[in-house]
Amino acid sequence: MIGTFFALVAKELIGFFRSWGLVAIVLYSFTLDIYITGAGIEMQAKNIAVGYVDETGGGMSGKILSRLHMPEFQKPVMFTSREALSRSIYNREIMVGLIFESDFEKKLERYGRSSIEMLLDSIAATQSFQALQYLQNILLDYADIGIPVELKIHKLFNPNATTSQFMAMAEMLSVITLLGVILTAAVFVREKENGTWDIMLLMPIDPKLIILAKSFSQVLVIMGGVVIATGIVLFGVFDVPLNGSIAAFFLLSFFYAFTSAGIGLFVAAVSKSMLQVAQLSILIMMPLIFLSGAWTPIHAMHPLLQKLSLISPLRYYIEGSESIFFRGTDFADLWSYFAGVIILGSVLYFYGFRKIGRLF
Amino acid sequence: MSPGVIRAYILKEFRELLRSRLILIVYILPTMIIILFGYGIRMEVTDARTLIIDNDNSTISRDLSARFEHSRYFDTRVTSGMGEQEALKRIKQAKVDILVIIPDSFEKRLLHGEKTEIGVFIDGAFPVRATTMQNYVKGVIYDAARSLTDKKPTNLITVNSRNLFNQAMRDEDAIVPGLIGLILLVAPAILSALLIVKEKEEGTIFNFYSSPIKKSEFIVAKLVPPLILHTVNIFILFLWATWLFEVPFRGSFLLYWAASQIYIAISLGVGLLVSIITRTQIVAIVLTIIITIIPGFLYSGMLMPISSMSGESKIEAHIYPVMYFNHIIYDTFLIGQGLDSPKNRLYLTILFFYALFLILLGSRLMKKELS
């Protein structure tokens with residue numbers, strides 16, 4: 001029994017390694033894809049293009065402009081007229097346009113307060129908002145409010161607020177979901193397409209064993225990918241902190257891989273061709289990923305979506321992994337994430353299991 | 001090329017699309033993407049769960065807490081006497097986003113002009129949100145401080161900001177036009193790649209190899225159905241954007257249509273190239289997704305403006321077609337310069353030649369024989 005099981009697992013693994021296209025895609029997804037997402041997607045405002053028109057003749061305006069530097073701002077570009085500045089903003093070459101009006105400095109000397117006119121390309125809303133905040137913070141440094149309050153702000157878990165670490169982790173979890181479903185569905189549907197699935201079910205081996213072995217082999221492939229991705233990309237390249245226990249993460253990933261294999265079983269049961277597998281997986285996966293809180297924290301969602309997100313296993317997986325890597329939550333406090341993944345996972349897996357095991 | 005042959009082949013393709021229910025994905029997928037991403041991506045932070053530990057319980061500290069409570073950015077709870085460790089544990093369990101600690105004798109020291117400090121802890125696991133929350137907290141506390149003092153401030157410089165193009169800084173306006181670009185790049189490419197690779201995988205491609213149909217006729221017949229089907233999506237997506245997400249449309253619809261049509265042709269070219277190097281449908285789908293989605297996000301300007309890029313990412317942005325199309329799309333929706341702007345005219349021309357290049361390259365590389 002155990003021997004048959006492992007023979008079947010080995011058969012699937014050999015089949016997987018023989019299709020080099022699939023191996024290449026799995027390797028790519030677990031390494032380069034995560035790297036590109038982590039290195040490329042930057043949501044913090046950085047390197048902002050600034051232009052200015054200075055009608056004052058230097059002094060205070062020069063001091064302020066010299067404070068705009070890397071990494072937040074590019075070197076400010078001078079424009080001779082407001083029209084030229086605004087044209088550049090309309091062509092989206094400049095994001096922040098500052099205008100120092102001719103009486104800017106006079107007002108500051110006489111009344112102790114003055115203002116800068118600012119044209120802001122606010123299409124990328126978050127970044128524009130941050131640009132505005134950066135500027136206000138710089139200006140606040142010059143002001144003397146006259147109150148002895150010191151503000152001590154600590155950003156916990158990720159003090160430099162590096163987006164790359166978070167993005168790389170979130171992308172890895174999405175890759176696990178995507179491949180977990182597609183690979184599992186593929187091993188069954190390929191047999192269906194070749195007409196060998198019915199024969200498999202009629203063989204003297206218990207069909208339950210076949211299904212278990214087939215899906216287990218794909219879980220192994222995914223876990224291999226997870227090890228590569230966490231070791232090389234997350235820790236090696238991005239220096240993701242590990243404040244919790246790595247064993248807890250792998251355990252959670254293992255359960256989660258079974259959950260997505262369960263979805264894969266269901267997809268395989270209802271589709272007749274690889275084409276339908278692809279369609280269905282995308283249709284199921286997209287809501288799953290978007291209800292997971294990877295892009296938006298759950299409590300900021302529409303109330304109806306918040307309720308719906310309770311049935312997304314990815315939600316528990318992402319929150320759990322975030323807690324393990326960044327927050328360093330104790331193992332005992334992780335039980336809710338484990339419970340979420342395991343309960344949803346077993347329901348999905350057994351449903352898919354029953355469905356694919358039926359002949360014809 | 002014979003029109004009769006092409007017509008017959010196109011009819012066959014449509015019939016197969018209907019029969020395999022592939023047609024559903026053509027219309028469900030784009031709508032689903034725009035709705036999910038459009039509602040799903042929220043960069044703006046509201047209702048950050050804030051815990052204020054007020055160890056002073058004086059007029060000033062209560063006034064400060066009230067300022068947090070009245071802001072829609074915070075969802076505030078005020079307690080006193082909770083230990084710092086206990087409160088930090090709440091953050092670890094992801095039950096609290098922001099923790100503000102007001103020390104005892106805060107008011108007394110303040111009135112005596114002695115130095116005092118407020119401790120703020122922010123959950124930084126989600127970096128952009130952390131930075132935004134930090135700025136909110138700073139804003140509230142500095143505002144409170146400023147209103148407290150009767151001293152005339154010196155050297156106070158304020159910013160009169162005019163927000164152009166997206167006055168209310170809505171996330172929908174920032175993201176939805178970019179999503180149209182993403183969808184029109186991904187979806188037609190997948191469909192056109194599938195239509196060709198399906199025949200390879202099922203072996204029916206030999207009908208093409210052995211029949212007198214010309215290569216050009218085959219390619220036209222394979223690309224026209226996705227082109228027609230996805231042209232409808234240009235209008236559907238426009239309706240979702242303007243009606244459901246209430247994104248303003250300030251430019252010319254004709255430019256939007258023309259640019260989108262060319263962009264679909266580029267996407268079909270990508271699909272054609274993918275179909276040449278792949279043999280199975282699953283590999284074709286995954287490959288198409290890989291080479292379209294990531295650049296489609298990175299160079300869209302949705303998350304990061306192109307003007308903020310530097311070095312290699314700036315060069316890459318100029319290589320992919322995404323940046324050119326998204327510039328035009330954001331212009332038609334939010335800016336409205338249209339063809340008056342030389343940059344838009346240039347970008348439209350680049351897109352046109354891009355499409356031409358990809359499709360010609362695909363036609364040259366495709367072989368009407370067993371490779």
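## Model and confidence

The model is predicted; local features need pLDDT of at least 70, side-chain atom pairs count only at pLDDT 80 or more, and totals for chains, interfaces and linings use all residues. Residues are numbered from 1 along each chain as its sequence is written, with chains lettered from A and ligands numbered from 1 in the order in which they are written.

The predictor gives the complex an ipTM of 0.80 and a pTM of 0.82. For chain B the mean pLDDT is 85, and 98% of its residues reach 70 or more; pLDDT is the predictor's confidence in each residue, from 0 to 100. Helices (H or I, at least four residues) and strands (E, at least two) are DSSP runs, numbered from the N terminus. Where pLDDT is low, the predicted coordinates should not be read in detail.

## Contact between the chains

Chain B gives 98 residues to the contact and chain A gives 94 residues. Two residues are in contact if their C-beta atoms, placed from the backbone, lie within 7 Å. On the side of chain B that touches chain A, the elements that give two or more residues are helices H2 (22-40), H4 (84-92), H6 (127-148), H7 (171-202), H11 (281-298) and H13 (322-335), together with strands S4 (116-123) and S5. H6(B) provides the largest share of that side, 13 residues.

By class, the side of chain B that touches chain A holds 51 nonpolar, 29 polar and 18 charged residues. Here Ala, Val, Leu, Ile, Met, Phe, Trp, Tyr, Cys and Pro count as nonpolar, Asp, Glu, Lys and Arg as charged, and the others, Gly among them, as polar.

An open sheet of five strands runs in the order S2(A)-S1(A)-S3(A)-S4(A)-S5(B), with mixed pairing. S2 (77-78) of chain A and S5 of chain B stand at the edges with a single partner strand each, so one side of each has no neighbour in the sheet. Two strands pair if DSSP finds at least two bridges between them.

The link between the chains in this sheet is the parallel pairing of strand S4 (residues 113-121) of chain A with S5(B), over nine bridges. Within it, Leu120(A) has Asn163(B) as its bridge partner. Strand S1 (residues 50-54) and strand S3 (residues 96-100) of chain A are also paired in the parallel sense, over five bridges, and Asp54(A) stands opposite Phe100(A). Helix H6 (residues 125-142) of chain A lies across S3 and S4 of chain A together with S5 of chain B, and runs at about 165 degrees to S5(B). Axes are lines fitted to C-alpha atoms, for helices over the stretch in contact, and angles run from 0 to 180 degrees between N-to-C directions.

## Strand S3 of chain B

Four of the five residues of strand S3 (residues 98-102) of chain B are buried, so the strand is largely enclosed by the rest of the structure. A residue is buried if 20 or more other C-beta atoms lie within 10 Å of its own, exposed if 12 or fewer, and partly exposed in between, with C-beta atoms placed from the backbone.

S3(B) pairs in the parallel sense with strand S1 (residues 48-54) of chain B over five bridges, where Ile52(B) stands opposite Val100(B). With S4(B), S3(B) pairs in the antiparallel sense over four bridges, and Ile98(B) has Ile122(B) as its bridge partner.

## Domains and single residues

Chain A is assigned domain 1 (2-41 + 161-357) and domain 2 (50-142); the bounds come from an automatic or database domain assignment. The centres of the two domains, taken over C-alpha atoms, are separated by 48 Å. Gln276(A), in helix H11 (residues 274-290) of chain A, is partly exposed, with 19 C-beta neighbours inside 10 Å. Its C-alpha atom is separated by 59 Å from that of Ser66(A), 210 residues apart along the chain.

Asp239(A) is not a glycine but has a positive phi of about 55 degrees. Asp239(A) sits in the loop between helix H9 (207-237) and helix H10 (246-270) of chain A and is exposed, with 11 other C-beta atoms within 10 Å. In chain B, Glu246(B) has a positive phi near 55 degrees and lies in the loop between helix H9 (215-244) and H10. Glu246(B) counts as exposed, with 11 C-beta neighbours inside 10 Å.
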